[in-house]
Amino acid sequence: DESGNNNHGKANNARAIRGKAGMAMQFTGRGAAGTVGQKDSFVEPNWTHDVPLLVRAMLKSQDTLFIAGPPDIVNEVETFELLAQRDKGVEVTLARQDAILDGAEGSILRAVNAKDGSTLAEVQFSSLPVWDSLAAAGSSLYLTTADGRVISLKSK
């Protein structure tokens, strides 16, 4: 640690090398690769759910996870299969998803129980959230939208 704060540590399976902008760490060992839920992962999820949102903002406050973003209408596996079959109908869905990403259908703010993944509440907005734009203070939740608004929601 060169900061003067004496935060010295030991890096296992890593060494210091010269990087593009100063020093960097090169990790030489294999990490715990894999996706969540696989047998070789060190992380065991409490729950997993597909969420029909393209999450642009997320915040956990106490036992509630707040996620916000435009709707996700594309099932990637099915869409890939349809594209491989040269199905022209899939182009309509992809064009709609593209318009959704540009804000055509607004966005959704969803409150999720962090313990079991169940949906607690949902609110629709006419604009997309700005990236990482959720904040909580006291009993209020704040969301900044791409059209320049800051929305304040107060819990009951």
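Is Trp131 buried or exposed, and at what relative accessibility? Trp131 counts as exposed, at 58% relative accessibility; exposed means over 50% relative accessible area, buried under 20%, and partly exposed in between, with a 1.4 Å probe and protein chains only.

## Basis of the model

The structure is a predicted model, in which local features need pLDDT of at least 70 and side-chain atom pairs count only at pLDDT 80 or more, while totals for chains, interfaces and linings use all residues. Residues are numbered from 1 along each chain as its sequence is written, and side-chain values use heavy atoms, with hydrogens and water left out.

## Overall architecture

The protein chain contains two helices and nine strands. Both kinds of element are DSSP runs numbered from the N terminus, helices being H or I with at least four residues and strands being E with at least two. Their order along the sequence is β-β-β-β-α-α-β-β-β-β-β. The protein chain is more spread out than a compact globule, because its radius of gyration is 21 Å, well over the 15 Å that the globule rule gives for 156 residues. The radius is taken over C-alpha atoms, and the rule is 2.2 Å times the number of residues to the power 0.38. Along its principal axes, the C-alpha trace spans about 50 × 50 × 35 Å.

Of the 156 residues, 26% count as buried. The protein chain exposes about 11,400 Å², and carbon and sulfur atoms supply 51% of this area; accessible areas come from the Shrake-Rupley method with a 1.4 Å probe, and for residues only the protein chains shown count as cover. Contact means heavy atoms within 4.5 Å. Among contacts between residues at least 6 apart in sequence, 38% join residues at least 24 apart.

## The largest pocket

Rolling a probe the size of a water molecule over the atoms shows where empty space is left. In this model the largest pocket holds about 480 Å³ of space. On a 1 Å grid over the protein atoms alone, a pocket is an open set of points with protein on both sides within 12 Å along at least five of seven lines, whereas a cavity is a set where a 1.4 Å probe fits but cannot get out; lining residues have an atom within 4 Å of a point. Grid points are joined across faces, edges and corners, and the volume is the space filled by probe spheres set on the points.

The lining of the largest pocket comprises 20 residues, and those nearest its centre are Phe66, Ser139, Leu141, Lys154 and Ser155. Two or more lining residues come from each of β4 (64-69), β5 (107-113), β6 (119-125), β8 (140-145) and β9 (150-154). The most is given by β6, with four residues. By class, the lining has nine nonpolar, seven polar and four charged residues. Here Ala, Val, Leu, Ile, Met, Phe, Trp, Tyr, Cys and Pro count as nonpolar, Asp, Glu, Lys and Arg as charged, and the others, Gly among them, as polar.

Pro71 lies in the loop between β4 and α1 and is buried, with a relative accessible area of 14%. Not counting residues up to four places away in sequence, Pro71 touches Pro52, Leu53, Leu54, Gln97, Ile100, Gly106 and Ile108. The C-alpha atoms of Pro71 and Leu54 are 6.2 Å apart, although 17 residues separate the two along the chain.

Thr79 belongs to helix α1 (residues 76-84) and counts as buried at 10% relative accessibility. Leaving aside neighbours within four places in sequence, Thr79 is in contact with Val74, Val90 and Leu94.

## Exposed positions

Trp131 is part of strand β7 (residues 129-137). Not counting residues up to four places away in sequence, Trp131 touches Val55 and Arg56. A separation of 10.0 Å lies between the C-alpha atoms of Trp131 and Leu143, which are twelve residues apart along the chain. Asp132 is also placed in strand β7; this residue is exposed, with a relative accessible area of 66%, and has a positive phi of about 55° although it is not a glycine.

Gln62, in the loop between β3 (57-61) and β4, has a phi near 55°, a positive value in a residue other than glycine. Gln62 is exposed, with a relative accessible area of 70%. Gln85 is found in the loop between α1 and α2 (90-101) and counts as exposed at 57% relative accessibility. The C-alpha atoms of Gln85 and Lys60, 25 residues apart along the chain, are separated by 41 Å.
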